[in-house]
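Trainee: I would like to learn how to read aromatic pairs and a helix face in a model. Could we go through them one at a time?

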Amino acid sequence: MDKKQIRREMRRLEEELAASGSAALRSEEIFRQVEALPEFRTARTILAYMSLPGEVQTPAAIKRWAESRRIAIPRVEGEQLRLCLYEKDKLVSGYKGILEPSANAAIISAEEVDLAIIPGVAFERRGDGIVRLGHGKGFYDRLLPQLSCKKIGVGFSFRLTEGIPSDPWDVLLDDLITA
């Protein structure tokens, strides 16, 4: 399958997930596994994301994590993702209606991130790491090379597949957690 076909199949599976009503429970299971990682326990700054429907749901975990850590959330600026400090009362509707930090949010540099939690449309385990397929705009393709920390993909188990086409600029993730 090509990337468009994979994305189309994942949208179909998202609809099945929505109909099952299990997204919240499965998201919490994924984040329990994330919280058990040694890198999570020692991280002071964590990159997370504000979830779209069909993705691992992040709001509850981010709120919990923000009590003891700095949470960086991406804000779309042109073709780039700018990492900003999460403040729950200062989120605005941004790119495609996704909640993101407001324009006056404090900036967090990629070098400050100790652990990155990365969403994806589909993932594939390969010998040298995890291949990630995104929505096709390249935002994470441009961000991932800037991160020197451990990069963990999170996704529902149906997102784990085989045969994802990859490009020379793709950055492999270090691990994948599913439920």
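Mentor: A search of the whole structure finds four aromatic pairs, where rings of Phe, Tyr and Trp (its six-membered ring) pair if their centres lie within 6.5 Å, with planes under 30 degrees apart counted as stacked, over 60 as edge-to-face and the rest as tilted. This is a predicted model, in which local features need pLDDT of at least 70 and side-chain atom pairs count only at pLDDT 80 or more, while totals for chains, interfaces and linings use all residues. Residues are numbered from 1 along each chain as its sequence is written, and side-chain values use heavy atoms, with hydrogens and water left out.

Trainee: What geometry does the aromatic pair of Phe-31 and Trp-65 have?

Mentor: The pair is edge-to-face, at 5.3 Å centre to centre and with 90 degrees between the planes. It links distant parts of the chain, since Phe-31 lies in helix H2 and Trp-65 in helix H4 (residues 59–65), 34 residues apart; helices (H or I, at least four residues) and strands (E, at least two) are DSSP runs, numbered from the N terminus. Phe-31 and Trp-65 are both buried, where buried means under 20% relative accessible area, exposed over 50% and partly exposed in between (1.4 Å probe, protein chains only). Together with Phe-40, Phe-31 and Trp-65 form one aromatic cluster.

Trainee: Which charged end sits over the ring of Phe-40?

Mentor: A charge sits over a ring if NZ of Lys or CZ of Arg is within 6 Å of the ring centre and within 35 degrees of the ring normal. Here the charged end of Arg-69 takes that place, 4.2 Å from the centre of the Phe-40 ring.

Trainee: Which residues of H1 are buried, and why do they line one face of the helix?

Mentor: An α-helix has 3.6 residues a turn, so residues three or four places apart point the same way. In H1 the buried residues are Ile-6, Arg-7, Met-10, Leu-13, Glu-14 and Leu-17. Seen down the axis of H1, these fall within an arc of 125 degrees, so they line one face; the arc is that of the directions from the helix axis to the C-beta atoms. On the other side of H1, Lys-4, Glu-15 and Ala-19 are exposed.

Trainee: What covers the buried residues of H1?

Mentor: The cover, judged by contact (heavy atoms within 4.5 Å), includes helix H2 (23–35), strand S7 (122–126) and strand S8 (129–133).
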